[in-house]
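Biologist: I would like to learn how to read a structure like this one, feature by feature. Could you take me through it?

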Amino acid sequence: MAGGRAVRNAGKVTEPEIVDVVVVGLGVGGEEVAGRLAEAGLDVVGVERDLVGGECPYWGCIPSKMMIRAANALAEAHRVNELAGSAEVRPDWAPVAKRIREEATDTWDDQAAVDRFIGKGGRFVRGAGRLDGPGRVRVGDQVFQARHAVVLGTGTRPSVPPIDGLADTPYWTNHQAIEVEKLPATLLVLGGGAIGLELAQVFARFGVRVTVIEAADRVLAVEEPESSKVAAAALRADGVTVETGVKAERVSHDGSAFTVHAGGGSYTGDRLLVVTGRRAHLEELGLDSVGVDAKQRYLPVDSRMHAADGIWAVGDLTGEGAFTHIAMYQAAIVVADVLDHVRRAQGGPDASGTASVVGGAAGVVSSVGGAMSAGGSTVAPGSVPVADYRALPRVTFTDPEVGAVGLTEQQARDRGINVQIGFAELSSSTRGWIHKTPGDGFIKLVADADQGVLVGATSVGPAGGEVLSGLVVAVHASVPISQLRHMIYAYPTFHRAIETALRDLS
């Protein structure tokens with residue numbers, strides 16, 4: 001239906017309001033897109049049914065890392081007895097819960113985020129947005145027609161497995177685990193991925209008896225087997241029971257405790273945390289009205305985040321990785337591409353585009369015809385980027401941290417790459433020896449022997465995620481291994497173990 005025509009709905013006629021851009025879902029990616037396009041002078045409507053900012057600031061990255069910081073402080077205090085004298089440690093969850101409530105989430109209120117978006121020039125609408133034809137979005141009785149773009153950033157929700165009896169129990173997802181004010185005595189964790197392991201270790205360090213139940217034959221099954229071994233050993237050292245190769249068959253709750261029946265045995269706990277993955281709910285978005293199949297786990301997009309004509313998607317919804325840094329990376333591409341689209345639609349100069357992901361966009365022509373600037377760097381024409389996930393970094397924030405980038409060894413072999421492996425134990429490095437690293441941290445390099453470059457790497461250790469940064473650059477830029485070997489690595493650092501792993505490649 002054309003932009004100015006009325007829309008009939010349930011016997012009523014609703015006249016669409018014409019705007020430049022509608023962003024449905026203001027998680028980290030959608031909020032970034034909506035804010036930057038509004039700052040560039042476009043008429044932007046941002047739609048969110050839950051909290052502006054999404055999972056990360058309220059139930060994910062930020063509060064969980066506060067929990068991890070507190071739990072690691074307890075663990076480090078216990079190490080005083082080995083390294084520096086004696087210390088008595090008494091865990092107390094109250095200050096952790098208070099910090100999450102007051103500093104991170106504002107008691108799960110997003111008014112500050114809403115005000116931030118409005119302050120950038122956007123218009124905020126609370127509700128569930130749904131496509132209602134090309135360029136059109138319905139939010140309750142309101143209908144918006146976008147001149148230039150609709151951007152979907154509705155994220156994902158916990159995917160609960162169809163285990164007999166589970167749906168009828170008061171199980172936790174990550175939301176309840178983050179919001180908890182009083183810790184249970186015992187906790188069952190269904191799922192041995194990154195979120196499950198991080199939360200399991202946190203609660204164990206605060207005195208909870210934790211059991212992790214994982215159906216795969218190892219925890220962190222998407223990472224290197226060596227990472228799985230170190231992570232499992234670290235959790236067991238903290239008192240966590242780790243059960244792998246165990247598939248839950250039935251869950252029951254007697255009013256006070258959960259029982260998970262699996263593999264001929266059973267596990268009992270006061271609470272049950274289910275962290276077995278997430279999925280997008282495409283059926284809620286009205287995608288059929290624009291000819292897109294909604295019966296998919298995720299919404300496929302091209303290299304510039306196009307999901308369909310005039311529709312972009314960003315963040316977890318796209319299935320490229322449930323990471324804040326992916327959502328922000330994709331948001332920068334969407335901002336550049338939408339601004340380029342607007343410029344071309346208005347017949348502005350440089351139809352090839354000058355929008356850049358480097359800090360904003362330059363020389364944007366707004367819908368009212370004026371020259372606008374979103375700040376940032378001015379770059380050469382034709383610089384609208386395309387997505388490149390070859391060097392996708394990821395970190396599991398257990399202690400030790402498990403950082404990885406690019407392909408695992410098995411993934412590289414499955415692609416037919418002539419694989420060469422370099423490996424170095426972190427404990428064999430001088431810094432590891434000084435630090436008395438808990439567990440067996442390591443550096444593992446996955447090289448394409450024919451091309452002479454790294455295609456993947458893993459960094460496990462006390463600062464595994466930080467050490468990873470140099471490896472990300474090496475994979476992303478295809479730095480020749482010969483150059484990596486000829487670098488100077490500071491001594492004594494954890495990252496110096498990269499040099500040892502490089503020698504092992506030969």
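This is a predicted model: local features need pLDDT of at least 70, side-chain atom pairs count only at pLDDT 80 or more; totals for chains, interfaces and linings use all residues.

Biologist: How many helices and strands does the protein chain have?

Modeller: Helices (H or I, at least four residues) and strands (E, at least two) are DSSP runs, numbered from the N terminus. The protein chain has 15 helices and 26 strands, and buried residues, meaning those under 20% relative accessible area with a 1.4 Å probe and protein chains only, make up 51% of its 506 residues.

Biologist: Which way do the side chains of strand β7 point?

Modeller: In a regular strand the side chains alternate between the two faces of the sheet. In β7 (residues 136-139), R136 and R138 point one way and V137 and V139 the other, and all are buried.

Biologist: How is β7 joined to strand β8?

Modeller: Two strands pair if DSSP finds at least two bridges between them. Four bridges join β7 to β8 (residues 142-152), and the two run antiparallel, with R138 opposite V143 in β8. Their hairpin has two residues between the strands, and G140 takes a positive phi near 60 degrees there. On the other pairing, three bridges join β6 (residues 129-131) to β7, again antiparallel, and L131 has V137 as its bridge partner.

Biologist: Which residues touch the most other members of the largest nonpolar core?

Modeller: A nonpolar core is a set of buried Ala, Val, Leu, Ile, Met, Phe, Trp, Tyr and Cys residues joined through side-chain atoms within 4.5 Å. The largest has 97 residues, of which W93, L152, F203 and V210 touch the most other members. Its largest share, seven residues, comes from helix α10 (residues 324-345). Apart from this core lies another, of 25 residues, including L426 and A447.

Biologist: Which residues line the largest cavity?

Modeller: On a 1 Å grid over the protein atoms alone, a cavity is a set of points where a 1.4 Å probe fits but cannot get out, and lining residues have an atom within 4 Å of a point. Among the residues lining the largest cavity are L426, I443, P462 and F494, and the largest share of the lining, three residues, comes from β26.

Definitions and conventions: Residues are numbered from 1 along each chain as its sequence is written. Side-chain values use heavy atoms; hydrogens and water are left out. Buried means under 20% relative accessible area, exposed over 50%, partly exposed in between (1.4 Å probe, protein chains only). On a 1 Å grid over the protein atoms alone, a cavity is a set of points where a 1.4 Å probe fits but cannot get out, and a pocket is an open set with protein on both sides within 12 Å along at least five of seven lines; lining residues have an atom within 4 Å of a point.
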